[in-house]
Amino acid sequence: MKLSIKDSKGNAAGELDVRFELIADGRGTQAGHDTVVAYNAAQRTGTACTKTMGDVAGTGKKPWRQKGTGRARAGSFASPLWRGGGVVFGPKPRDFDKNVNKKVRDLALRKALSERLKAGDVVIIDDLKLAAPKTKDFVAVLQALGLDGNTNLVVLGAADKTAYLASRNVAGVQLKTADLVNTYDLLKFDKLVFTKAGFEAVEARIAK
């Protein structure tokens, strides 16, 4: 497969050969699902915490005597039936991480990129060099590429502070370097914008 390369003004600037074999329909779907589920699970903080009867502050004294008062018997002020009492089977801090082995993660990344390539959702730009960290300059590049109005993931070969500062105020746009891109990122956005170096770096990851 060949991809057209554009410059920052939207003009043709050559072609790029896709050096990995695209995955056929069907294969890798489960790997993609497992990887995205694991990614979302890892974003959970797992800090929800409730107090059991043993955690509630207060005396251990019986509220009133067992018999003779006409009221229901009660053994603790921390009873789950009472306001301020303990919580039965409430959440405690926990780790939601799921283990996905490296081969499955690599297959999922390759599957996600293959599907986006086949759908025509990948745009290659020769480079993204901005003279100054100005939002209007970054938006002008998106407009030249016909991508304004979409949610876009922009993938660079290496970190670029100027591009980061120019893009951080643009709604629906996220900037990442190729080494940090994951399967969830490739599936989340309407369009994927790679610099030539960024796409080649992701290809190198897939080739491993």
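Rings of Phe, Tyr and Trp (its six-membered ring) pair if their centres lie within 6.5 Å; planes under 30 degrees apart count as stacked, over 60 as edge-to-face and the rest as tilted. This is a predicted model, where local features need pLDDT of at least 70, side-chain atom pairs count only at pLDDT 80 or more, and totals for chains, interfaces and linings use all residues. Residues are numbered from 1 along each chain as its sequence is written, and side-chain values use heavy atoms, with hydrogens and water left out.

**Exercise 1.** Find how many aromatic pairs there are, and classify the pair F77 and W82.

*Solution.* Let's start with the count: the rule gives four aromatic pairs. For F77 and W82, the ring centres are 5.9 Å apart and the planes stand at 80°, so this pair is edge-to-face. Together with W64, F77 and W82 make up one aromatic cluster.

**Exercise 2.** Are F77 and W82 buried, partly exposed or exposed?

*Solution.* Buried means under 20% relative accessible area, exposed over 50%, and partly exposed in between (1.4 Å probe, protein chains only). F77 has 38% relative accessibility and therefore counts as partly exposed. W82, at 29% relative accessibility, also counts as partly exposed.

**Exercise 3.** Classify the pair F194 and F199, then decide whether these residues are buried or exposed.

*Solution.* Their centres are 5.3 Å apart, with 90° between the planes, which is edge-to-face. As for accessibility, F194 and F199 are both buried.
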